[in-house]
Amino acid sequence: MRYLPLTDEDRRAMLGVIGAKSVDDLFGDVPAALRLSAPLDLPSGLGEIEIERELASLAAQNMAAGAVPSFLGAGAYRHHVPAAVDYLVQRGEFLTSYTPYQPEIAQGTLQALFEFQTQVALITDMEVANASMYDGATAAAEAVMMANRATRRAKALIAGDLHPHYRAVIETYGRFNGFATAMAPVDALAASLDAAISCVVVQNPGFFGDVRDYAALAEACHKAGALLVVAVTEVVALGLIKSPGAMGADIVVAEGQSLGNALEYGGPYLGLFATREKFMRQMPGRLTGQTVDADGLRGFVLTLSAREQHIRREKATSNICTNSGLCALAFSIHLALLGEAGFTRLAELNHAKAVQLAERLEKLPGVKLMTPSFFNEFTLRLPRPAAPLVDALATRGILAGVPVNRLLPERPNDLLVAATELTTDADIDALDAALREALR
Amino acid sequence: MSNIRYTKDHEWIRVDGNEATIGITDFAQNQLGDIVYVELPEVGRKVEKGKEAGVVESVKAASEVYAPASGEVTAVNTGLADDPARVNADAMGEGWFYKIKLADAKDLGDLMDDAAYQAFTAAQDKH
Amino acid sequence: MSGPADKSWSKAVSGFTPAAGGGREVHDEEPLLFEAEGAYYDGASARSGVDLPAPPKIADRLGGLRRQGKIGLPGLSEPQIVRHYTRLSQKNYSIDTGIYPLGSCTMKYNPRLNEKVARLPGFASLHPLQPLATVQGALALMDRLAIWLKTIAGMPALALSPAAGAHGEICGMMCIRAALEAHGDKRSRVLVPESAHGTNPATAATLGYQVDPIPANARGRVDLAALKAKLGADVAAIMLTNPNTCGLFEDESLAIAEAVHGVGAFFYLDGANLNALLGRVQPGKLGIDCMHMNLHKTFSTPHGGGGPGSGPVALAASLAPYAPLPWVVHHEQSFALIEERAGDAAQSLGRIKAFHGQMGMFIRALAFLMAHGGDGLARLSGDAVLNANYLLASLKDVLTPSFAGSAMHEVLFDDRFLGETGVTTLDFAKALIDEGYHPMTMYFPLIVHGALLVEPTENESKESLDRFIVAMRELAARAKQHDTEFFQAAPHRAPRRRLDEVAAARKPVLRWRPDAKPTAAE
C-alpha cells in the first residue's frame with residue numbers, strides 16, 4: 001500500500017528484535033472478545049485513479065458558485081484568491097508542519113503568525129490579536145465568555161441583526177457555560193443596557209447588509225460597565241468602512257474566509273479575534289510573541305501559554321488547542337499581496353459592484369431595497385417568497401442570493417444579495433433579467 | 001519572624017496588629033520557575049479565607065493564589081506588574097502580593113508556623 | 001551581540017545533518033513584511049502584488065462611514081511576497097522533512113491526493129447556503145464519510161460539525177449534559193484521569209463541571225477501585241482516552257463502563273489515539289457513549305502549523321437526539337440538511353459553529369480512507385503499533401520505559417535514565433533537534449516525571465526508525481557521560497538557538513508597531 005513503507009521483510013526483522021511472533025501478538029493487552037475477527041464492512045482500498053474518478057463524480061453533482069452567476073453571501077463570500085496564495089500554503093514546510101511548540105525549528109510558522117496578528121490588529125484598528133479561532137461564530141462566543149470574565153457579569157445583549165448562526169452558537173455556549181443572553185433590535189440596544197450585562201454584540205455590516213456607526217453605543221456600554229463586541233463577517237469591508245476600533249469596540253471578532261480561503265461548502269474557515277492591550281491576558285487562543293534567542297537574534301514563540309488548556313487545564317481561558325493555522329497563513333499571504341493599495345481598491349471594487357447591482361434590482365417592479373447603506377451585500381424585499389424563486393433560478397444556472405428565511409423563518413420574502421470583485425456586468429444582467437421574468 | 005504563618009498552598013501571611021501582608025513562599029517560587037505575571041486583587045476587594053485571591057504565572061505553569069485569611073484588601077504590590085522577577089528574587093520580602101485588614105484573627109489558627117512549614121516542604125521532596 | 005552566530009558547534013553525535021536545512025540564509029534574519037525595504041512606498045502608484053481593475057464610478061452608499069486614515073499595511077510585489085514566504089518556510093521542520101515522533105499527535109504523512117481532490121471546483125467553490133438541489137454531491141460525500149466513521153467507531157450516529165478535537169469534546173460533553181437535563185438530572189462532577197490531555201478538564205470546566213481526577217495504578221491504567229470510590233449520583237461522565245496517554249490499552253474498559261452506567265453517568269472517549277485501534281477494535285464495543293475523532297491525527301488531514309482540524313463526534317443512540325445542527329439526512333431520493341430544531345432534531349443542542357463543518361477536511365479524510373479501504377485498516381494500525389514497539393525494544397536498555405510490557409501505537413519513557421546527570425527532558429529534546437529531529441512529546445502525561453512520549457506512526461520506514469534509534473542511543477550515552485553543558489546549550493544548529501520564553505511572557509510583544517525598535521542583533 002503506497003502510504004505504508006514497511007515491507008514483509010522489515011516486519012519480520014522488527015518482530016525478531018521485539019521478540020514477538022506476529023503483529024497481532026502486539027495487541028495482546030486487548031481482550032480477545034473485543035478484537036475484530038474480520039475486516040469492517042467497508043469498501044476495499046483504491047488507487048488514485050479510482051479515488052479521483054469517484055470523488056470527481058461527486059463533485060460533478062454540485063453547481064459550483066464559481067461557475068455560474070452567483071450572489072450568495074450571508075457570512076461567506078466568493079472572492080478571487082491569487083494563485084500565489086494557494087501555491088505557498090501547499091509548500092510542505094507549511095502544510096505538513098506541527099503546531100510551533102518547538103520554536104527553534106518553527107520560525108517560519110511563528111513569524112507568519114506574528115505578521116498575521118499584526119495585520120488583524122491593523123485592519124480592525126485594535127491593539128492586539130490572537131493567532132486565530134475556528135470561525136467567526138465561535139470567536140463571537142469566546143468573546144462573550146471573555147467579556148463575562150473581564151466584567152464578572154454573566155449576560156450578553158445581542159443585536160437583532162447579528163448573523164443567526166453566530167447568535168445560535170452564542171446561545172448554545174450560554175446554555176452550557178452558564179451565562180444568559182437577551183436580544184434587542186439595533187436601535188434599542190443602548191436603552192436595554194443594565195448592570196447585569198457584560199457585553200453587547202453587534203455586527204457591522206449587519207446581517208441584512210446595513211453599515212452603521214456604533215461609536216455612541218460603545219460609549220453607552222462603557223458607561224454601563226459593559227464591553228462592546230463587534231462582529232465582522234466580511235473582512236473586505238474593513239478596507240472601506242469605519243473600523244470597529246475607531247468606533248470604540250473592546251473586542252472585534254471576524255470571519256476571515258474572504259481572504260485567502262475558498263468557500264469550500266462552509267469550512268474550514270477562520271476566526272479572527274482582536275482586543276485592547278488591557279485585556280491581553282484574558283484573550284483565548286494561541287498568541288505569538290517576539291523575543292530573542294541565546295545568540296541575541298530576534299525570534300518568535302508561542303507565549304502567554306499559561307492561560308491555555310495544556311497548562312491551566314480546567315482554569316484555562318478556553319479549551320481551544322488546534323485552531324486555523326493554515327487558513328490564517330492563507331489570509332496573511334493574500335493580504336500581504338494586496339497591501340494597502342490593493343486592499344482598499346478591492347473594497348472599493350466590491351462596493352461599486354454592489355451599488356451597480358442595487359441600482360438595477362431596486363428598479364424591479366414590486367421589489368424594495370431594505371438597506372440604504374451597505375458595503376457589498378443588501379436585502380431585497382420581494383413581492384413573493386424568496387426561497388422558491390431562488391430554487392427556480394438555480395435550475396436555470398443562476399445562484400440568486402440567500403433567502404433570509406433559510407436562517408430566519410419569519411422573513412419569507414426577503415432575499416440577501418451580495419456582489420464582489422468577481423461579479424461581472426453579464427452576471428448583473430443575467431440576475432436582473434431572471435428576476436424580472438420570475439416576478440412577472 | 002514569629003508573626004509569619006503558612007498555608008498548605010504555600011502562601012505566607014505576616015501579621016502586624018490587625019493588618020497582614022501576604023505573598024507566596026520561596027518554595028513556591030522555586031517550583032514555579034521564572035514568574036512572568038502576577039494577577040492581584042483590587043484594593044477594596046474582600047477576600048475570603050481559602051478562596052482564590054489572585055493568580056501567579058510562570059512560563060510553564062499558572063497557579064491560583066488563595067487567601068490565607070479573610071479581609072479587605074488595603075494595598076497591592078504594584079511593582080510586580082513591571083518586575084514580576086521580584087517574586088523569584090525575594091518572595092518573602094520585596095515580592096509580597098497584597099495587604100489586608102484582617103477580618104478575624106481566628107482565621108490564623110489552623111495555619112503552620114515556621115517549623116511546621118519547613119517540615120511540610122521537606123516532606124514534599126520535589127526534584 | 002552583533003553579526004551571525006558562532007558556527008563552530010560540534011558535529012552532530014550521530015553524524016547526520018539536521019533535517020531543518022542548513023546554509024546561512026536559513027539562519028539569517030528574514031525581515032517582517034512591515035520591515036521590507038520600500039514597504040511603505042507612498043504615492044498614487046503605491047505598490048501591490050495584485051492587479052485589480054479600477055472600480056466603476058458610482059455614487060457610494062456608505063452612509064458617510066468611509067474609513068478615515070491609512071490602515072498601515074505594507075505594499076509589496078508578488079515576487080517579493082513569494083520569496084518572503086518561501087524563505088520563511090525553509091525555517092520550518094515538517095512531516096515532509098522528517099519524523100515527528102510526537103506522542104498523542106499521530107503526525108502521519110499527509111497524502112497529496114487529498115489536496116488535489118479538496119480543490120476540485122465542484123467542492124472548493126460551493127457556497128454553504130446554496131439551494132440543496134445544487135449541492136447533492138457535497139451532502140453525499142458528508143454522508144459517505146459519516147458511514148465510514150460510524151463503522152470504524154461501531155456507533156450509530158455521528159455529529160460532523162465540530163471544528164477540531166477540543167471542539168468535539170465540547171460537543172460530546174454538551175450532548176451528555178443535554179441528555180441528563182432532558183431527564184431533569186443535574187449533575188456536577190466529571191471524572192478525568194490524571195494522565196488526560198489538558199483539553200479534557202478544560203472542556204469539563206467550560207461546561208460548569210467540577211473536575212475530579214482519577215489516579216493511575218502501577219500498570220499505568222486507570223485505577224478501577226479509585227474510580228469506583230469516586231462514582232456517585234452526582235457524576236455526569238467520565239472522560240477516558242483509550243489507548244491511554246501512556247500508550248497502553250485500558251483493558252478494564254467494560255468494567256469501567258458498567259460502573260459508570262450503573263450510577264447513570266455517561267462514558268466519553270477521547271479518540272485522539274484511535275490510530276492504534278483502526279480495523280481491530282471498535283470503540284463502540286467498549287461500552288462508550290460518545291467519542292470524538294481527530295481527522296487531523298488518525299485520518300491524515302494536514303496539521304498546517306496549527307490547524308485547521310476537524311473533530312466529528314460518534315454518538316450512542318441515547319445521545320444522538322442531541323447532536324448539534326445541521327444534520328445530513330436522506331429525504332426520499334436525495335439528501336437534505338436539517339437546520340432547525342424541529343421534528344427529529346427538536347432536542348438538538350443547536351449550533352456550535354456557523355455553517356456545516358470542516359468540509360475541506362471531510363474530503364481529505366474520505367480520500368485517505370478510500371485509499372486504505374476497510375480491508376487495509378488493520379494493516380495500518382498494525383504497522384503503527386509495530387513501529388512503536390520496535391522503538392521500545394531498541395531503546396529500553398538506554399532509556400527508561402515508564403511501564404512494563406508492550407506498548408500500543410506510542411511508548412512512554414520518563415527521565416529516570418537521565419538520573420543525576422543534570423540533563424533534563426527538555427535539554428535532551430533540544431539536543432535531538434541538532435540531530436535533525438523534531439522532539440517527542442515532553443512532560444506529558446503528567447503522571448510520570450519528565451515524560452517523553454514517542455509515537456512514530458505507520459508512515460515511518462524501518463530505515464527511518466533505525467536512524468532515529470541511533471541518534472537517541474548516542475544522545476542517551478552522551479547524557480550519561482554528564483556532558484551537561486552540551487545539552488543545556490542545545491540546539492546549536494537550528495534556525496534559532498533556544499529562545500527566551502520568560503522575556504516573551506514578561507513583556508509580551510504580540511505585533512509589529514510602526515515605532516518598533518530595531519532587533520537586538522542590529
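## Domains of chain A

The domain assignment of chain A, whose bounds come from an automatic or database source, gives domain 1 (83-334) and domain 2 (339-438). In this predicted model, the centres of domain 1 and domain 2 of chain A, taken over C-alpha atoms, are separated by 28 Å.

Counting two residues as in contact if their C-beta atoms, placed from the backbone, lie within 7 Å, 13 residues of domain 1 of chain A touch 18 residues of domain 2 of chain A. The domain 1 side of this contact divides into eight nonpolar, three polar and two charged residues, where Ala, Val, Leu, Ile, Met, Phe, Trp, Tyr, Cys and Pro count as nonpolar, Asp, Glu, Lys and Arg as charged, and the others, Gly among them, as polar.

## Contacts between chains

Between chain C and chain A, 179 residues of chain C are in contact with 171 residues of chain A. On the chain C side, the residues divide into 96 nonpolar, 52 polar and 31 charged.

Six residues of chain B are in contact with five residues of chain A, and the chain B side consists of three nonpolar, one polar and two charged residues.

## Confidence and conventions

The predictor gives the complex an ipTM of 0.97 and a pTM of 0.94. Chain C averages a pLDDT (the predictor's confidence in each residue, from 0 to 100) of 91, and 93% of its residues score at least 70. Over residues 1-21 of chain C, however, the pLDDT is below 50, although this stretch has 45 contacts in the model beyond near neighbours in sequence. Where pLDDT is low, the predicted coordinates should not be read in detail.

Residues are numbered from 1 along each chain as its sequence is written, while chains are lettered from A and ligands numbered from 1 in the order in which they are written. Local features need pLDDT of at least 70 and side-chain atom pairs count only at pLDDT 80 or more, whereas totals for chains, interfaces and linings use all residues.
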